[in-house]
Amino acid sequence: MASAERNYPKREAFGVYVHWPFCLSKCPYCDFNSHVRHQPVDQERFAAAFAAELATMRVRTGPRDPQLRRARSCYDHLAGDLAVKMFDRFIERRLLARRDDELRVTREGQNFFTCAGIDVDALDSGRRPLCRPCLDWSERRSHLGGTLGAAILDHVVARRWAVRDAKSRVVRFSATGEQKMAAWFSR
Ligand code: SF4
């Protein structure tokens, strides 16, 4: 599942209203774009054209604001493009090990987070999960939730790499802060 997600990001189910515009007669109240055809309609050709048009449609989820898409808070942890990149990197570096929706901090991860001043044992002592994958609203892939995710957002703010916007969910990174953040999770 973990490798499948890398290749095929999870999608939410969604519906599409399809209007088939050929009617036997025009209803008096109808203001749809519908057509009464007295000649046979080439339904297959119309369906093929419809399918081709649907194939070009792109469903874009999440906020429009690029800043929100880049980095925002999701409850108390980091979400958005940067958070998804960080999560992927933690998996690649084997700091986190994932099996389906189960996530755990590896020994390497424990050392890594301890070096950053994040006490994993303390974070793991409460009722909340230490770490769990959380489906990202805009990226449709996982970012890191749980007490570890929250501690990382605190870590980012404490180091002044970013500030949390008081009026929105934007987590605003400075250029330097973003570089330091990327260097931290990428190295
Ligand atoms: S309401 Fe309009 S689209 Fe529906 S059957 Fe009547 S004419 Fe056709």
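**Close-up views of a predicted model**

**View 1. The largest nonpolar core.** Of the 28 residues in the largest nonpolar core, those that touch the most other members are Ala71, Leu78, Ala83, Leu144, Leu148 and Ile152. Such a core is a set of buried Ala, Val, Leu, Ile, Met, Phe, Trp, Tyr and Cys residues joined through C-beta atoms within 7 Å. Two or more residues each come from strand 4, helix 4 (81-92), strand 6, helix 7 and strand 10 (171-173), and helix 4 gives the most, with 6 residues. Helices (H or I, at least four residues) and strands (E, at least two) are DSSP runs, numbered from the N terminus. This is a predicted model, in which local features need pLDDT of at least 70 and side-chain atom pairs count only at pLDDT 80 or more, while totals for chains, interfaces and linings use all residues. Residues are numbered from 1 along each chain as its sequence is written.

**View 2. The surroundings of Ala83.** Neighbours within four places in sequence being left aside, Ala83 is in contact with Ala71, Leu78, Asp136, His143 and Leu144. Contact requires C-beta atoms, placed from the backbone, that lie within 7 Å.

**View 3. Helix 7.** Helix 7 (residues 146-158) has 13 residues and reaches 18 Å from its first C-alpha to its last, close to the 18 Å expected at 1.5 Å a residue; the expected span is 1.5 Å times one less than the number of residues. Its buried residues are Gly146, Thr147, Leu148, Gly149, Ala151, Ile152, Leu153 and Val156. A residue is buried if 20 or more other C-beta atoms lie within 10 Å of its own, exposed if 12 or fewer, and partly exposed in between, with C-beta atoms placed from the backbone. Just after the helix, Arg160 takes a positive phi of about 60°.

View 4. Strand 7 (residues 132-135) pairs with strand 8 (residues 142-145) in the antiparallel sense over 4 bridges, where pairing requires at least two bridges found by DSSP. Arg132 stands opposite Gly145 in strand 8. Between the strands lie 6 residues, and Arg140 in this hairpin has a positive phi near 60°.

**View 5. Two loops with positive phi.** Most residues other than glycine have a negative phi. Tyr75, in the loop between strand 3 (72-74) and strand 4 (77-79), has a positive phi near 55°. Tyr75 is exposed, because 11 other C-beta atoms lie within 10 Å. Asp100 lies in the loop between strand 5 (96-99) and strand 6 (102-105), and its phi is positive, near 50°. Asp100 is exposed, with 10 other C-beta atoms within 10 Å.

Conventions
Two residues are in contact if their C-beta atoms, placed from the backbone, lie within 7 Å.
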